Amino acid sequence: MEVFRQVAAAFGRRGVPKGMEDRVPPGQYVTPKMPVMSMWPTPHIDLATWRLRLFGEVERETELTWAEWETLAQIEVTADFHCVTQWSRLNVGWEGVPASRVLELAQPKASARFVMLHCYDGYAANIDIDALRSPDVLFAHRMDGAPLEGQHGGPLRLVVPSRYGWKSAKWVSGVEFLTEDSPGFWEELGYHMRGDPWREERFRGWR
Ligand SMILES: Nc1nc2c(c(=O)[nH]1)N[C@H]1C(S)=C(S)[C@@H](COP(=O)(O)O)O[C@H]1N2
Ligand SMILES: [Mo]
């Protein structure tokens with residue numbers, strides 16, 4: 001065991017730059033480059049027909065066009081990204097519209113406590129509304145100072161730093177408001193309903 005301790009001391013824990021140990025959740029390894037993790041090929045999305053639909057348990061259903069989306073005030077967020085397959089990338093730069101603003105536009109009913117993100121590739125992910133209210137959660141259309149690449153979810157993706165990466169839905173087409181939690185694509189296959197990397201909530205029944 002002593003040899004492992006010495007190696008860890010010399011090279012840093014799990015690829016983590018010195019002094020950033022507290023930024024990396026249990027069981028994660030730091031990667032310098034953002035990998036691409038997609039279930040299916042990148043969908044072709046035309047901005048002229050792109051829509052973001054806010055529906056379900058809301059006061060009034062809303063559908064935004066890209067032109068309308070571009071009028072919304074933007075924020076910049078620098079956040080760490082943690083994939084359940086154990087890679088973490090530190091300091092990803094995002095620009096977009098805060099999720100709190102999207103909630104304002106949607107006007108969810110008091111009974112709405114969860115959302116399902118729907119995506120142009122057929123993917124879906126569930127998340128609790130309270131997680132979306134965090135100031136570091138945004139619908140991003142720029143990444144690291146450039147327009148969000150198609151393979152990373154462009155034109156628009158969700159970014160939820162406090163959850164494993166699978167909740168950060170790419171190519172978002174709709175936000176459905178729900179009264180009860182309901183499993184998305186990976187949750188249906190046994191991934192955790194919440195997916196907090198700090199509690200290592202990878203799979204259901206495991207934590
Ligand atoms: N629509 C959609 N969103 C998705 C995925 C996907 O396959 N389809 N993969 C998820 C997973 S598992 C991760 S880790 C992140 C990866 O984002 P990246 O490809 O930009 O690194 O996107 C998530 N969002
Ligand atoms: Mo992932």
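Val30 stands opposite Ser88 in strand 5, so that is a handy place to start reading the sheet, where two strands count as paired if DSSP finds at least two bridges between them. Strand 1 and strand 5 run parallel and are joined by two bridges. Helices (H or I, at least four residues) and strands (E, at least two) are DSSP runs, numbered from the N terminus.

Before going on, some housekeeping. This is a predicted model, in which local features need pLDDT of at least 70 and side-chain atom pairs count only at pLDDT 80 or more, while totals for chains, interfaces and linings use all residues. Residues are numbered from 1 along each chain as its sequence is written, chains are lettered from A and ligands numbered from 1 in the order in which they are written, and side-chain values use heavy atoms, with hydrogens and water left out.

Back to strand 5, which has several partners. Strand 4 (residues 75–82) pairs with strand 5 (residues 87–98) in the antiparallel sense, over seven bridges. Along that pairing, Ile75 sits opposite Gly96, and Glu76 has Glu95 as its bridge partner. The two strands form a hairpin with four residues between them, and there Gln86 takes a positive phi near 90°. Strand 5 also pairs with strand 8 (residues 138–143), again in the antiparallel sense, this time over five bridges. Here Glu95 turns up again, standing opposite Arg142.

How much of strand 5 is covered? Of its 12 residues, 11 are buried; buried means under 20% relative accessible area, exposed over 50%, and partly exposed in between (1.4 Å probe, protein chains only). If you're picturing the side chains, remember that in a regular strand they alternate between the two faces of the sheet.

Met20 belongs to the loop between helix 1 (2–11) and strand 1 (29–30), and its C-alpha atom is 9.3 Å from that of Leu90, 70 residues apart along the chain. Met20 is partly exposed, at 24% relative accessible area.

Now for the aromatics. A pair of aromatic rings is described by the distance of the centres and the angle of the planes. Rings of Phe, Tyr and Trp (its six-membered ring) pair if their centres lie within 6.5 Å, with planes under 30 degrees apart counted as stacked, over 60 as edge-to-face and the rest as tilted. By this rule there are 12 aromatic pairs. One of them is Phe81 with Trp94, a tilted pair at 6.4 Å centre to centre and 45° between the planes. This pair ties strand 4, which holds Phe81, to strand 5, which holds Trp94, across 13 residues. Phe81 is buried at 8% relative accessible area, and Trp94 is buried at 1%.

Tyr123 and Phe185 make another tilted pair, because their ring centres are 5.9 Å apart and their planes lie at 40°. Tyr123 is in the loop between strand 6 (114–119) and strand 7 (124–128), whereas Phe185 is in helix 5 (residues 185–188), 62 residues apart. Tyr123 is buried at 11%, but Phe185 is partly exposed at 22%. Both belong to a cluster linked by ring pairs, together with Trp40, Tyr164, Trp166, Trp186, Tyr191 and Phe203.

Of its 24 lining residues, the closest to the centre are Met37, Ser38, Tyr123, Gly165 and Trp166. On a 1 Å grid over the protein atoms alone, a pocket is an open set of points where a 1.4 Å probe fits, with protein on both sides within 12 Å along at least five of seven lines, and lining residues have an atom within 4 Å of a point. With a disulfide being a pair of cysteine sulfur atoms within 2.5 Å, the count is zero. The sulfur of Cys119 is 15 Å from the closest cysteine sulfur, in Cys83, too far for a bond.
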